[in-house]
Amino acid sequence: MLINKFAKIILKALGVLFVLVLIIIFYSVYIERFNTQIQYTKINLGFEKRFILISDLHLGKFKDASYLALVVKKINSVENVDAVLIAGDFVYKQDNTKLSEYFKPLSEIRYPTFAVVGNHDVLGSAADMKNQIVEVLESNKVNVLTNETLDFENIQIVGLGDRYVGNNHSTILNTLTIEDKVLVLAHNPDSVRDYLSLDNVDLTLAGHTHCGQIRLPILYKMILHVENNDGIQFDKGYYKSHKLFITCGLGEFGIPARLFNPPTIDVLDL
């Protein structure tokens, strides 16, 4: 009798747990990954600018142009923005027949827009599409920077190539001085490790990590795909010691889900 009663309690608990898991899966797949947030962060760099940072759209498999249109609408709702910065990984499923369709909403951004490419834009089948990706982005008013510096309102914006393919030529920073106001835009936050000894970079902006995407303890670190060779594994937010800010991005990789980690548009008040 006691055993039967205990068995019923266990079965009920398992039933509740099963329902709870289903609810979490439904929420992460159908609700949170579309619940795009605008997050404001103040970073004191000694000059006043407002930049919007986004990254990791990964259009083509789990999200498409309709989602990007909603993101652009949210970007345009933010006032007094100096420029929008996009830290790479524009595509997921590389389909060159739909590139124009994917990126068309970017032309509606009402602020100057600068970008770098990410590993998904240059590796695998995307390697053959990189030039097309850049051409389509630039046709939609996005200025793509690859190991080059652009003077924007007395701010030196340095766009680095992707680190995965060894194309982040940070030696370009040697041409700048400590008097310059310097922002580095890079896809992979580990790029900052290549120029930590330099004192002429005010801030590096990056994406790539998705901030773990599914932020369950320990498990989320498996998707970060960044180095941990000095005891610091870059994750999310502002690292004052490294003059680095990482956005959680907007799209998904691997599975179409986000948990405790909604897609984010970061507004940086410098």
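Is Cys248 buried or exposed, and what is its relative accessible area? Cys248 is buried, with a relative accessible area of 7%; here, buried denotes under 20% relative accessible area, exposed over 50%, and partly exposed the range in between, for a 1.4 Å probe and protein chains only.

The views show a predicted model, in which local features require pLDDT of at least 70 and side-chain atom pairs count only at pLDDT 80 or more, whereas totals for chains, interfaces and linings use all residues. Residues are numbered from 1 along each chain as its sequence is written, and side-chain values use heavy atoms, with hydrogens and water left out.

**View 1. The disulfide of Cys211 and Cys248.** The structure holds 1 disulfide, defined as a pair of cysteine sulfur atoms within 2.5 Å. The sulfur atoms of Cys211 and Cys248 lie 2.2 Å apart, and the link is left-handed, with -95° about the S-S bond. Distant parts of the chain are joined by this pair, 37 residues apart: Cys211 belongs to the loop between β9 (203-206) and β10, and Cys248 to the loop between β11 (244-246) and β12 (264-269). Helices (H or I, at least four residues) and strands (E, at least two) are DSSP runs, numbered from the N terminus. Cys211 is likewise buried, its relative accessible area being 0%.

View 2. An α-helix has 3.6 residues a turn, so residues three or four places apart point the same way. Lys141, which follows α5, has a positive phi, near 70°.

**View 3. The open sheet of 6 strands.** The strand order is β6-β7-β8-β9-β11-β10, with mixed pairing; two strands pair if DSSP finds at least two bridges between them. β6 (148-152) and β10 (237-239) stand at the edges, each with a single partner strand, so one side of each has no neighbour in the sheet. From one strand to the next, the twist averages 20°.

**View 4. The pairing of β7 with β8.** Strands β7 (residues 155-159) and β8 (residues 182-185) run parallel and are joined by 4 bridges. Gly159 has Leu185 of β8 as its bridge partner.

Note on methods. Axes are lines fitted to C-alpha atoms, for helices over the stretch in contact, and angles run from 0 to 180 degrees between N-to-C directions.
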